[in-house]
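Please open the structure in a viewer and keep the sequence alongside.

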Amino acid sequence: MRTTRRLLAAAAAAVTVAGLLAACGGGDDSSAESATGKITYFTFSAAPDHLKELDALKAEFEKQNPGITVEVQTAAYADYFTKLQTSIAGGNAPDTFELNYENFVTYAKAGALLALDDVAKADSDYQADRVYPKALEAFQLKGKQYGMPSTFSDVVLFYNKKLFDAAGVAYPTASWTWDDEKAAAEKLTDKAKGVYGDYQPVTFYEFYKALAQNGGSFLSEDGKKATFNDAKGLEAAQWLLGKPGTVQPTVAEIGGKADYDTALFKSGKLAMWHSGIWMFSSLADAKDLGYDIVVEPGKARKASAVFFNATAVSAKTKLSAAAWKWARFLSTSETTVKTRLASSWELPAVNDQTAFDSYLKQTPPANRQAVFDSLNAVALPPVIGDQQAQMQDLVTKALEKAASGQATAQQALDEAAAAVTALIK
């Protein structure tokens, strides 16, 4: 489910800024009558796999905060942002709701979110240094905090140790470059046996990350023009496009099959796989697979795709103090941290390495430290606002067009860059 949500589909639903602006105030009024009352919380990440854990968190929060009750509302990710936008436009926004980074930017700029700085300062129990700094920064706009980071997940390089051993190839290391990965993938590929050396989806998410790894920029400094069709962008695209049909199956062979990459890796037929840490639980039943992970290779520099979620507070809430307490609880409470780690419900975005001691001891993979080492060079996705979904779809389709031989890489990038620039304008 998360593979589709994060990497293969356009992760940010389209949000109509004009509609949000019409329904929202400035979002800077942080006054509250009291820290009691009934607040609503809307989430996508809890359903359907973690409703039990969310119920337990709700019960513990209400126990610790007499006078505050939480009404939970959930929706599937595919429907979530349409429903959220509708509720905000109709003046019925939930008091608190979950946002990923891409959508956060749009909602914050539209004035749909409450700036949390004043309620945070009034809370003597809040410890800002307990939150992972880069996660806090991700949910800031013009120096103000508009979301409390709740979780993170990132992408790493999975590898099958048995295939490496059989081919006599040394395991990947954190110092690997693209060239190292390519050389290993070629040695590990054996099409006659149905074994492939590498798999990296030809999508927007993999392209923007590869571009960052190559030292390039997706947008101009002022954010008004797409610049990913320059020499660095072409090289990043060629890095991705050089894999299908050589060290990984072609786009046609995959044929849009859901979770094709997961099945291939679990079957022991894939040596290296660029995927997210959310796949650990999906691989739990492959007892004899023999895999590990490492920070993804780069070229000019390291750059890892990291996905942050946060709890935001509506600009229209009448219970900002109570809403803030719930947002803080979902972000930094010891109960939440332990619950998320025990249930593999993504990872809490806390700046406390000791909190992850139990997580690091779990195997496989043995090298879970790579999950945190990947945070040393975070590459956040470019965001253009209410046309985000269209932008991501444009780039993915352009890359797929090049992968199928319908255009050269440069032609595909030029076409996509022109279309993205038009979306921005």
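Predicted model: local features only at pLDDT ≥ 70, side-chain atom pairs only at ≥ 80, totals over all residues.

**A tour of salt bridges**

Begin by selecting Glu71, which is partly exposed, having a relative accessible area of 30%. In general, side chains of opposite charge can pair when their charged atoms come close.

Glu71 and Lys38 form a salt bridge, with their closest N and O atoms 3.1 Å apart. Because Glu71 belongs to strand β2 (residues 68-74) and Lys38 to strand β1 (residues 37-43), this pair ties together parts that are 33 residues apart in sequence. Lys38 is exposed, with a relative accessible area of 53%.

Now move to helix α3 (residues 51-64) and select Glu62 and Lys58, which both lie there, four residues apart, or about one turn of the helix. Their side chains meet in a salt bridge, at 3.0 Å from N to O. Glu62 counts as partly exposed, since its relative accessibility is 22%, which falls between the limits of 20% for buried and 50% for exposed.

Proceed to helix α15 (residues 334-343), where Lys338 and Glu334 are likewise placed four residues apart, about one turn of the helix. A salt bridge joins the side chains of Lys338 and Glu334, with 2.9 Å from N to O. Are these two residues buried or exposed? Both Lys338 and Glu334 are exposed.

Technical notes:
Residues numbered from 1 in each chain as written. Heavy atoms only, no water. Salt bridge = Lys/Arg side-chain N within 4 Å of Asp/Glu carboxyl O. Helix = DSSP H or I, 4+ residues; strand = E, 2+ residues; numbered from the N terminus. Buried < 20%, exposed > 50% of the residue type's maximum accessible area, 1.4 Å probe, protein only.
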